[in-house]
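Here is a short briefing to read alongside the model. Have the viewer open, and we will go through it topic by topic.

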Amino acid sequence: MNPQEPIRDARKLGVPKMLLLGLQHMFAMFGATVLVPILVNAYGLPLNIQTTLFFAGFGTLFFHVCTKLKVPAFLGSSFAFLGGFEAVANLSSGKYADMAAAEKLQYACGGIVVAGLLYVVLAAVIKLVGVKKVMRFLPPVVTGPIIILIGLNLAPSAVSNASTCWWLALVAMAIIIVANIWGRGMIKIIPILLGVVGAYLVALIANALGATAVDASGAVVPLMDLSSLAGTSLLGLQPFFTDFTGSIAKFDLTSILVMAPIAIASMMEHIGDMSAISATVGSNFIQDPGLHRTLIGDGIATSLAGLFGGPANTTYGENTGVLVLSRVYDPRVIRLAAVYAIVLSFSPAFAEIVRTIPSAIIGGVSFILYGMISAIGVRNVVENQVDLTNSRNLIIAAVILVCGLGFSGGLTFTIGSAHITLTSLAIAAIAGILLNAILPGKDYEFGVNQAGDENRGIHQ
C-alpha cells in the first residue's frame, strides 16, 4: 500500500489499529471539549464535564446517522457560546435578580435548544430551494478566508497554553513532527496520540523532579497538580440521570435572545468546517449527503445537549487536523472516539486524569492542528484559483480577515434588556456574504468549475 495514499476503510488496518486511531481522535477533541465547562464554571455556572462528554459522543453518533455515516466529523463543545454563558451568568434584573447559578444555567441551556433549532430552519431552506442557490452566496473567496480564520482565531489559545511551559510544548510538537515525517506504519498514523502520551510521560517524570509551570496569573506552580485524583469515584452518573428536574432546560425570552443569535456564527463555522473536511478528504459532503443533513445533525445534537444541561455542539477543527496528519478518512474511527467519550463520561476519575494533562501539552498539539486548519483555507483559495488581483475579490478577502481578527471580543448590541454578542467569526462571515452579494463583477460561477467545487466540497 502506498504510504501517501489516504485510507478510506480503516478495517484493512485491523481492529487494534482502529481502536488506537479512535483513541487519537478522542484525545484531539478532549482538551477543548472539557475546557468549555471549565470556563463556564469560572463564570459561575455549574456546567458539568461528564454531561459535556456524554453529549459530545452522543451528538457525534447522531450526526453520523443523519449524514448516512459518510462524514468524518466529531461534534465537541462549541466555544462560540461562551460569551452567551457569561452574559446569562451576569443577568441581575427581573426574575434573574436572586436566581441561583444552577437555574441560570438551565435558562442558558434553553437558549441553546432554540439556537440548535435555527440550524434546522436553515436546513429546511436549503432543502426547499437547493444547495446551489444557497451556496452561490458562499463562493471560495468567502469560505476560504473564513476557514483560514477558524484556525487563526484558535491560535492565541495554542500560544497561551504553550506559554505555561514552553519546553514541554516543544516536546509534544517534536514527537508529533518526528512521528508524522519519519515514522513508519502505525507510528505515522497516530502522531497526535503519541505526542500527548509521550509528552505526558515526560511531564510525570519532570514533575517528580520538581519542574514548574506558569499559571494564567503569572505565578509559578508545579508542572502537574495530581491532588484532584484523591478520592475521585471511578464510576458515576451524569447529573441529568441523578437530578433530572435540576438539569432540564428552562425557557425565557431574555436568555433566548442572548444565546440563540450566536447560531449565526456557529452555522457559518459549520459550513466552513464542512468545506474544510470536504477539501481534506476529497469528498463532496455538501452535495452528498448534503448540507441540509449536516446542519440537521449538528443542530439537533446541539438542541438535545442543551435540553439536558449540556453545551452547544460544533464540528471540531481539531479532528480535521488529525485527518490531515493521519490520512485515515474512515468515519468509523470518529465513531469509535464518540463511543469512548460516552463510556468515559460515566467515569469522574477519568475526567480528572485527563484534566491533569498540563496545558503546555495541549498548547503544543494545538500549534500543529490549528495551523493546519488555516492551511486548508489557503488550499481552498489556491485550488479554486481565486483571482486576488481582482479588486473585488481582494476587498472581500481583506474585510473578512480584518473583521475576523480585529473584533477580538466580538460586537455587542442591545435589544430590549438583552445584550447580544456576535463573535468575530460571525461578523466576518456576515461581512463577506454581504459584500459578495452587493459588489458587482463576480468572476466565480457556482457549478462551472467542477474540479474546484469538488476540492472545496461544494459542487452541485
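Predicted model: local features only at pLDDT ≥ 70, side-chain atom pairs only at ≥ 80, totals over all residues.

**Aromatic pairs**

- Across the whole structure, a search turns up 14 aromatic pairs.
- Phenylalanine 54 and phenylalanine 346 make an edge-to-face pair, because their planes stand at 85 degrees, with the ring centres 6.2 Å apart.
- Phenylalanine 54 counts as buried at 13% relative accessibility, whereas phenylalanine 346, at 27%, counts as partly exposed.
- Ring pairs join Phe54, Phe55, Phe58, Phe240, Phe241, Phe244, Phe308 and Phe346 into a cluster.

**Nonpolar cores**

- The largest nonpolar core holds 121 residues, and Phe81, Phe85 and Leu223 have the most contacts inside it.
- Helix H1 (residues 15–43) supplies the largest share of this core, with 11 residues.
- Another core, of five residues, lies apart from it; among its members are Phe54, Phe55, Phe240 and Ala305.
- Leaving aside residues up to four places away in sequence, phenylalanine 81 touches Ile112, Ala115, Met259, Ile262, Ala263, Ser266 and Ala312.

**Backbone features to look at**

- Most residues other than glycine have a negative phi, and most peptide bonds are trans.
- Leucine 69, which is not a glycine, has a positive phi of about 65 degrees.
- You will find leucine 69 in the loop between helix H2 (49–66) and strand E1 (75–77), where this residue is partly exposed with a relative accessible area of 45%.
- Arginine 327 also has a positive phi, near 60 degrees.
- Arginine 327 belongs to the loop between helix H15 (317–326) and helix H16 (331–344), and its relative accessible area of 28% makes it partly exposed.
- The peptide bond from aspartate 288 to proline 289 is cis, with omega near 20 degrees.
- Proline 289 is part of helix H14 (residues 286–307).

Notes. Residues numbered from 1 in each chain as written. Heavy atoms only, no water. Helix = DSSP H or I, 4+ residues; strand = E, 2+ residues; numbered from the N terminus. Buried < 20%, exposed > 50% of the residue type's maximum accessible area, 1.4 Å probe, protein only. Core = buried A, V, L, I, M, F, W, Y, C linked by side-chain atoms within 4.5 Å. Contact = heavy atoms within 4.5 Å. Phe/Tyr/Trp six-rings, centres within 6.5 Å; stacked < 30°, edge-to-face > 60°.
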